[in-house]
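Hi,

Here's the structure I said I'd pass along.

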Amino acid sequence: MIQNEMSRRRLLSLGVGLGAAATLTLAGCGDGGSISDKPSAAGNGGKDYTGPKVDLKLWNGFTGGDGEIFKQLVTQFNGEHQNIAVSVVTYEWQDYYSKLPGAVSSGNGPDIAVMHMDQLATFAARGVIMELDDVAKALELSEGDFAPTVWKGGLYHDKRYGIPLDMHPLGLYYNKAAMQRAGLDPNKPPTTKDEYTAALTELKKAGIQGFWVSPFQFTGGMTYYSLLHQWGGSLFDGEVAKATFNSDPAVEACSWLVDMIKQGFSPANVGQDADYLALKSGKNAFNWNGIWQVNDLKKSPDVQWGVAPLPQIGSQQAAWANSHNFTIVKQRSADNNKVAGAKVFINWLSQHSLDWAKGGQVPARKAVRESAEFKALPEISSLAPELAYAAFPPAAPGLGEVMTTFYNAFNEAALGKKSPKQALDDGVAKANKQLEDNRKKYGS
Amino acid sequence: MADVIEVGAARGDAPPPAGGTRRPGGVTARGHRATPYLFLAPYLVLFLVFGLLPILFGVWISLHQWDLQLPNRPFIGLDNYRDLFSSDSAIYGDWWSSLRATAIFTMLSVPLLVVVPLGLALLLNRSFPGRTFFRAAFFAPYVLGVAVIGLLWRFLLDANLGLVNRLLGVLGLPSDTPWVTDVPWAWVSLVGVTVWWTCGFNAVIYLAGLQDIPAELYEAARVDGANGWDRFRHVTLPGLRPVLLFVLTTTILASANVFGQSFLITQGAPGEQTRTVVWRIVDEGLRDYDAGRAAAMSVLFALMLAVVSVLNFRLFRYRED
């Protein structure tokens, strides 16, 4: 779904592609700085709400099948709560993140905003969203109710800004027909480095390039992100002050992946989406792709496929992952009733996240993950174990452009424009400058 | 001016002296002094509100570290501009590589987009059976949005799965050309797709221009013994001069604003080599929320385009003399 979202949101962002003019006029709308910065003392943290009727606006970026499921949940919530009416507005994610700041500062923003974990710090630092520590406290939510990785991702400067709804990791998708053609057991996807390379060798003998390495963020960049963590590397140092994705483990992981092309396990110059399309048509056997593709593959009954946790290629397990979080948006004129109502909604939806799992996401809440109903969703629940070692993006403001630098460095290595070492060194040099700019801007 | 005087003379009035005869209350022989401004007002208001003011505001923003959401937006003078010229800054490399990408695209696409549609228009201006069909066929791609043509060609040009390489293979030609992931092929693709997509528009403009050239001129030239090439050089081209100037100016501006094609088809690959200026500005302003720097880039880029446009007009005026 993200992949579809990505391409669709790219399309829509063309609408703002007038660039200069758009930037100028958008900037012209806001007078900022007047947004209420009071701590969110409203309500009792989301247990219930007994005040006068409130209308709440919620924004999200769920444009796929997940959007329908989300709306059904909201309808159910509205039916159960006479004094809270939630209305949902959906934008493409990329549009969403560029629209939100302008809408908030002109007073037309939502009350509740769904956000990716890696955006929380940016929006918290820029004063768009509110602290939610009291929600967590009042609902007696703690790390134990969630996976620690997801729960900690909602923090910025030790304060909570997001209540996690789900997590979406990368998984190993495999084409069973292609594996059978190479004499492999289609029900035993490889789990280790040796098994993986052995399977690729068999596939190659059968004339199948089994692991198409895309040079783009979706999916090659995220594959490399996972491998880098499997080799024990990291993108940044602990304070996110310096980029470290040219460390020895990072270079080794990158070389291993780029060598897939040199050894003929992947064609060169794989285009955007070609890796996934080739998997569906049986030209490719393995694709490390997001959990959101489960629902897309289910639409093609003639494709014989499976999904499993990523194999462990490096010295430890790791998988790229991100998470959707609920946030409450600061308003120019604070309305405590609205804030209280919003907290009730967030709590309710978090408890009902099993239905959300059917939209193709792993619920963040432990109780839901351990329920029998969740285990009855085989594809989705098979990726739940990855939660233990999911490599979420770090919480630091303004990381968007730095991540682009990281993915572009991998792009140059995967397309053979530079050696892995050279590409990553150049990327780190640039990323460090960007991080320094961010430090100046956000003062952390 | 000549028309006005003729009309006046036909009505039997004396042609008014320059500036009109002043009458009390600012009323001249041609009406109230405010009349022309009233006629101009609707456009002027729009231009002021949506043109001039945003431009001035943009210049103002470019002198600040400007984030819509952050409470303080310090005035930093020309620092945003200095960053664009100082090789130590994070943006320096991106900015100049995006300018380079836009310049390459513009220099490759403009000549083709000026010449190919002219040829097309000349062909479509003749009378032959099916002319209307061909006119429609050449214009058709232009009605598609950039999203449609972008996705379409990204799949057609895919190095491993695309139809283009498949056909080349069938013809016995190299079938592994990386059309969208390596240079110079990416430029061939981007320019080729853009010409295919937009040449119909320029052709229609040329066609209108061609139909404005009086047929007598061609007849006279023929009587004087001019052959086809002579008629093209001495009748068609001079007759098209204002149209050519229009086509050249708008095509340069449109090509310099290229964004969607590289965003969708090459996604900037390899690395950032096909990432264009407008894309860079959008990212800076709307993804990284640095409106100050984005505005500085916009102002610089607008100045560059202004210089090009002035040169363009100069060139045509020079020829006229």
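Below is what turned up on the chain contact, the domains and the cores.

Keep in mind that this is a predicted model.

First, where the chains meet. Chain B puts 46 residues into the contact and chain A puts in 45. On chain B's side, the elements giving two or more residues are helix 2 (35-61), helix 6 (146-156), helix 11 (260-266), helix 12 (277-287) and helix 13 (291-320).

Next, chain A. Its domain assignment gives domain 1 (2-165 + 323-391) and domain 2 (170-321 + 398-442), and their C-alpha centres are 29 Å apart. The two touch through 20 residues of domain 1 and 22 residues of domain 2. Domain 1's side of that contact has ten nonpolar, seven polar and three charged residues; helix 1 (2-13) and helix 5 (117-125) of chain A are among the elements that give it two or more residues.

Now the cores. The largest nonpolar core has 137 residues, and A:I112, A:L120, A:I129, A:C254 and A:F345 touch the most other members. Helix 11 (residues 248-262) of chain A supplies the largest share, eight residues. Both domain 1 and domain 2 of chain A give residues to this core, so it lies between them.

Cheers

Notes: Residues are numbered from 1 along each chain as its sequence is written. Chains are lettered from A and ligands numbered from 1 in the order in which they are written. This is a predicted model: local features need pLDDT of at least 70, side-chain atom pairs count only at pLDDT 80 or more; totals for chains, interfaces and linings use all residues. Two residues are in contact if their C-beta atoms, placed from the backbone, lie within 7 Å. Helices (H or I, at least four residues) and strands (E, at least two) are DSSP runs, numbered from the N terminus. Domain bounds come from an automatic or database domain assignment. Ala, Val, Leu, Ile, Met, Phe, Trp, Tyr, Cys and Pro count as nonpolar, Asp, Glu, Lys and Arg as charged, and the others, Gly among them, as polar. A nonpolar core is a set of buried Ala, Val, Leu, Ile, Met, Phe, Trp, Tyr and Cys residues joined through C-beta atoms within 7 Å. A residue is buried if 20 or more other C-beta atoms lie within 10 Å of its own, exposed if 12 or fewer, and partly exposed in between; C-beta atoms are placed from the backbone.
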